[in-house]
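Okay, thanks for coming, everyone.

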Amino acid sequence: NDDWAYGTRLTGLDSAWFYAGGQSFKINGGAWRTAAIKVYDEDIFYLRNTSSGVCTTAVNTTATCGGISDVFSITTKLDNTPNAWAFTDVTGAEVSTLYTSGQKTVSGIYCNAPISIGAGQFQINSNAWRSSSTTIANGNTYRVRFTSPSSYNAKDSVTLNIGGVTDVYSVTTRADTTPAQFTFIDITNAHPDSSHISNGIVFTS
């Protein structure tokens with residue numbers, strides 16, 4: 001981005017040479033220029049430079065007039081708070097099974113942002129899965145994974161944090177529809193063509 005200095009009025013001189021170290025400046029309402037120029041009392045000058053493409057980095061322009069100098073500094077901000085996102089939670093999951101979230105893409109940041117997870121693992125692009133903190137860049141993709149609870153009708157989750165913005169990926173296991181093994185008591189020595197009822201079974205999980 002191009003940034004202008006506020007106009008600065010020159011005072012206390014009859015005339016002097018002004019230059020900005022090869023950077024762009026203008027005097028009063030004149031055109032932007034880089035070559036030195038003679039200025040006079042009450043002239044107003046402006047400096048122009050382009051901010052760095054790197055976060056928290058300064059770009060300096062030194063203006064000199066008649067042996068007096070000052071620096072116009074432009075420092076880029078720390079822009080690493082991404083846009084919010086939302087994982088799609090899972091219900092009806094199998095117990096003790098590894099589940100992986102859908103893939104998301106980082107957006108809304110200019111600087112790399114810290115990324116961390118409280119439990120489970122995350123993956124950036126197609127890199128190895130990891131649980132330790134690192135940084136992530138705008139446009140990178142990411143997803144998380146963890147193992148579902150070992151019991152039925154249970155919910156567990158992991159929280160992913162990118163630049164202070166978080167979302168929770170949760171997995172809820174299904175109801176238990178498989179009873180414990182049951183056993184009938186067989187009947188022997190039954191009369192032909194006679195009706196019989198089995199022993200009662202109590203279903204337990």
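This is a predicted model: local features need pLDDT of at least 70, side-chain atom pairs count only at pLDDT 80 or more; totals for chains, interfaces and linings use all residues.

Let me start at a loop: Asn 28 sits in the one between S4 and strand S5 (37-40). Residues are numbered from 1 along each chain as its sequence is written, and side-chain values use heavy atoms, with hydrogens and water left out.

Back to Asn 28. Its phi is near 55°, a positive value in a residue that isn't glycine. For the cut-offs, buried is under 20% relative accessible area, exposed is over 50%, and partly exposed is in between, using a 1.4 Å probe and protein chains only.

Asn 125 also has a positive phi, about 50°, and is not a glycine. You'll find Asn 125 in the loop between strand S13 (121-124) and strand S14 (134-136). Asn 125 is partly exposed, with a relative accessible area of 31%.

Now, strand S6, residues 44-50.

Two strands pair if DSSP finds at least two bridges between them. Strand S4 (residues 24-27) runs antiparallel to S6, joined by 4 bridges, and Ser 24 has Arg 48 as its bridge partner in S6. Strand S2 (residues 8-9) pairs with S6 over 2 bridges, also in the antiparallel sense, with Arg 9 opposite Ile 44.

Look at the charges there. A charge counts as over a ring if NZ of Lys or CZ of Arg is within 6 Å of the ring centre and within 35 degrees of the ring normal. Arg 48 lies over the face of Trp 32, 4.4 Å from the ring centre, and Lys 26 lies over the face of Tyr 46, at 5.4 Å.

On to the aromatics. How many aromatic pairs does a search of the whole structure find? It finds 7. Rings of Phe, Tyr and Trp (its six-membered ring) pair if their centres lie within 6.5 Å; planes under 30 degrees apart are stacked, over 60 edge-to-face, and the rest tilted. Trp 85 and Phe 87 have ring centres 6.2 Å apart and planes at 75°, so that pair is edge-to-face. Both of those residues are buried. Phe 146 and Tyr 169 are edge-to-face as well, 5.9 Å centre to centre with 85° between the planes. That pair links distant parts of the chain, 23 residues apart: Phe 146 is in strand S15 (residues 141-147) and Tyr 169 in strand S17 (residues 165-173). Phe 146 and Tyr 169 are both buried. Ring pairs link Trp 85, Phe 87, Tyr 142, Phe 146 and Tyr 169 into a cluster.

Last, zoom out. The protein has 0 helices and 17 strands, and its C-alpha trace spans about 130 × 25 × 20 Å along the principal axes. Buried residues make up 31% of the 205.
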